[in-house]
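Subject: Structure for you to look at

Dear colleague,

I am passing on the structure below, and after it you will find an account of what came out of it. Please keep it open beside the text as you read.

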Amino acid sequence: MEIPSSIWTLLIGIVLTLVSFWYGQNHGLLPTAASHEATLIDGLFNTMMIVSTGIFLLVEGVLIYATIRYRRRAGDNTDGPATEGNVPLEILWTAIPAIIVIGISVYSFEVYNDIGGFSLHGGHEAPITQEAMSMPGTAMAATLDKDQAGVGATPEREGKPPQLVVNVTGLQYAWLFSYPETGVSTGELHVPIGREVLINMTANDVIHAFWVPEFRLKQDAIPGRQSQIRLTPTKVGDYALICAELCGPYHGAMRTQVVVESQEAFNQWQQEQLVASEETLNKAVALNLPPDEFLAPYTREMGIHSEMLHQVHH
Amino acid sequence: MTQATLQETDNIPVHPQESGERKWQDFFSFNTDHKVIGIQYLVTSFIFYCIGGVMADLVRTELRTPDVDFVTPEVYNSLFTLHATIMIFLWIVPAGAGFANYLIPLMIGARDMAFPRLNAVAFWMIPPAGVLLIASLVVGDAPDAGWTSYPPLSLVTGEVGEAIWIMSILLLGTSSILGAINFIVTLLKMRIPGMGIHQLPLFCWAMFATSALVLLSTPVLAAGLILLSFDLLAGTTFFNPTGGGDPVVYQHMFWFYSHPAVYIMILPFFGAISEVIPVHSRKPIFGYKAIAYSSLAISFLGLIVWAHHMFTSGIPGWLRMFFMITTMIIAVPTGIKIFSWLATMWGGKIRLNSTMLFAIGFVGTFVIGGISGVMLAAVPFDIHVHDTYFVVAHLHYVLFGGSVLGIFAAIYHWFPKMTGRMMNEFWGRVHFALTIVGLNMTFLPMHKLGMMGMNRRIAQYDPQFTSLNEICTYGSYILAVSTLPFIINAIWSWLYGPKAANNPWNALTLEWMTTSPPAIENFDQLPVLVTGPYDYGIEHRKQDANPELREVPL
């Protein structure tokens, strides 16, 4: 029995749609989503993947089918039919892609708004600019009147202060993090889960870029400028923080760790950092010892008896 | 259906030998014949393609393992910087200019370009610029700040290498501008009488759109690079933040040229594919005007999308949205072209020779680059994958899967006209098969690498990415091998290949209406337009007069 071509078209269309929907959800191309923003961005990507799979299969299918079906048979030296166009068809394949890209644009716009792309306010966020001025590296004329770049607060949190502020400085080939509330400075980023963190960044020497693939967020850290990312981590774990802008020969080695942990673990870590820095402080205090005690370890090495030092007039 | 026939006998020079044969020395001298210059462009750019390809394979060899174990990180950075610069400015852009030089005067029935001497000057700027660039390796201070050369990095890496890079790009940019002026004037002023703009072959439309882009955008790059050279050599601080300069301004100036450059590199081959597909499908091009005007639309839109390269840099939110929408819109005219090519093939009588295989490969792989391009335009997703291997995958699908396959399709198609010899079909197919396999093996896994977290321009990477990187590296070796059958085939065929007929493909555009290779002055008498450029399958009166013309070997 001959199956009419309209039935074939319908069947192929259904299969194409099903395959596209399945692949768009099961592509396995993205790492774990560890932030609120990542979930939103993944939703956008999955939708684009569904549409793309459909278009890809359609174009490749037509291309391969036409190549095989309409290949020239041996001995046939005639031309094909003189079809020069088909206006309704051309309008259709102009309109459909236009509708698709408008749809993707609107969806992207929504997601961009939801992750906070529109809630950056130049230099008006006072705590940022204050911190910014005291950050290392900003001695280079930081012009604060420029529009700030990056990702700001989500619409729900707009206008509220961030729950944690971290200042980040990129330099060849390391990241420095400082927590202005506690004064902790470290080389790896710790953030508590479920709390909105504002990351202010700049760079000391050349342009670097702050990227955590699991957060799906990236922002250039530019010398002489301030930029920022505001995000809410949603999944405990250790992730890589990668410099994503070419910054020199050891660019590939410029990476550190982001630790997303519970609030308690985060507090404890902060305490440890503080104790560690106090110990350094204590060592510095210890330098105010009387000279003989201070010199004791050195003199012992030199073979000078400690009593001799007491004789030394000072 | 009957075979469309041609007025070829009308236009063949009566005394093709009269003005003398080309000597091989002509190809090494300051010759003003557009055909000599076209071949000079093509051969020169192909040599640079091989050099850039060796660099790509060195980069891939380093990336076979996660550690830095093949070259030093400094050399690695120079290799990818030179690879990108050579492939863009010394291979794809001049190859497009080569075809335009060779074909435009022939296609419009002119005897030469509008400004033959300027044409030769434009070509002869390329070899010194290329030698200068590669000489930086000998000096031991090759540029290593990426082909984007962003300050402040480009100001603190090797001063000599960076200065050489700027000089070389300025020369190449100037050459490109001179070429573009020539193409535009030639296209506007030198068409044979009776050839209106809607009888113009689509390659000419594409070159018009390309040349307009070159003229509008290249001067901005030149300005940016001159300012950069002041910062580098004279201590000014246009882009240097230590003196209050702004590195983001450089990025705007750079991408104002370098995004249109993508269209400068792809539009000529959109044009070439629009020539190849109707000839070998034996059908008129589907939607001539849609394809012609979509080139102009792409050219215009191409000027207002540049900041999509800067979504994670220092630009405000509303600007990100503006550039997202303009970038998305470019998908529409590009889609029109792809669907029109498919419709041209549909129902045709497709000759599956090397030319057509490369054209089909072009459509099939370019689509992947086009789709990932729309994804990259979506700002939230771009924030994740910007500066990762996803972008590397995308740009290679566009520039290799698009431009380079387009170049090969065009070479197989016009080789008989240019040299008067046929290329070997078997080795052409081997070349195609190896290229398609190598290309997809090299670049397809890069999409996943980028999304999973591998950033670009790095000599060492997270060991979790090793297996995918190994696939990419072996794919790149296949690509290297794929060039060999082509080189041998081209050289052997040029010397000993079977003689080509004047019109071996039964095409209808004017370049086929003269001898192969064309006489020095192209046409003895000005050709007369009897058919449109794509009137396949349409019967003409003259066919009965010359029935023997149907017996043209394929």
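This is a predicted model, in which local features need pLDDT of at least 70 and side-chain atom pairs count only at pLDDT 80 or more, while totals for chains, interfaces and linings use all residues. Residues are numbered from 1 along each chain as its sequence is written, and chains are lettered from A and ligands numbered from 1 in the order in which they are written.

I begin with B:Cys204, which touches B:Ile104, B:Met107, B:Ile108 and B:Leu187, leaving aside residues up to four places away in sequence; two residues are in contact if their C-beta atoms, placed from the backbone, lie within 7 Å. B:Cys204 is also one of the residues that touch the most other members of the largest nonpolar core, which has 237 residues, and B:Ile273, B:Leu342, B:Ala359 and B:Ala409 are the others. Such a core is a set of buried Ala, Val, Leu, Ile, Met, Phe, Trp, Tyr and Cys residues joined through C-beta atoms within 7 Å, where buried means that 20 or more other C-beta atoms lie within 10 Å of the residue's own, exposed that 12 or fewer do, and partly exposed in between, with C-beta atoms placed from the backbone.

Next comes helix H9 of chain B, residues 247-281; helices (H or I, at least four residues) and strands (E, at least two) are DSSP runs, numbered from the N terminus. H9(B) has 35 residues and reaches 50 Å from its first C-alpha to its last, close to the 51 Å expected, the expected span being 1.5 Å times one less than the number of residues. A kink of about 35° in H9(B) is centred on B:Trp255, the bend at a residue being the angle between axes fitted to the seven residues ending there and the seven starting there. Of the 35 residues of H9(B), 33 are buried, and just after this helix B:Arg282 takes a positive phi of about 55°.

Chain A, for its part, holds seven helices and 11 strands, and buried residues make up 36% of its 314 residues.

How many residues of chain B are in contact with chain A? There are 84 of them, and they meet 77 residues of chain A. H11(B) gives the most to this side of chain B, with 15 residues.

With best wishes
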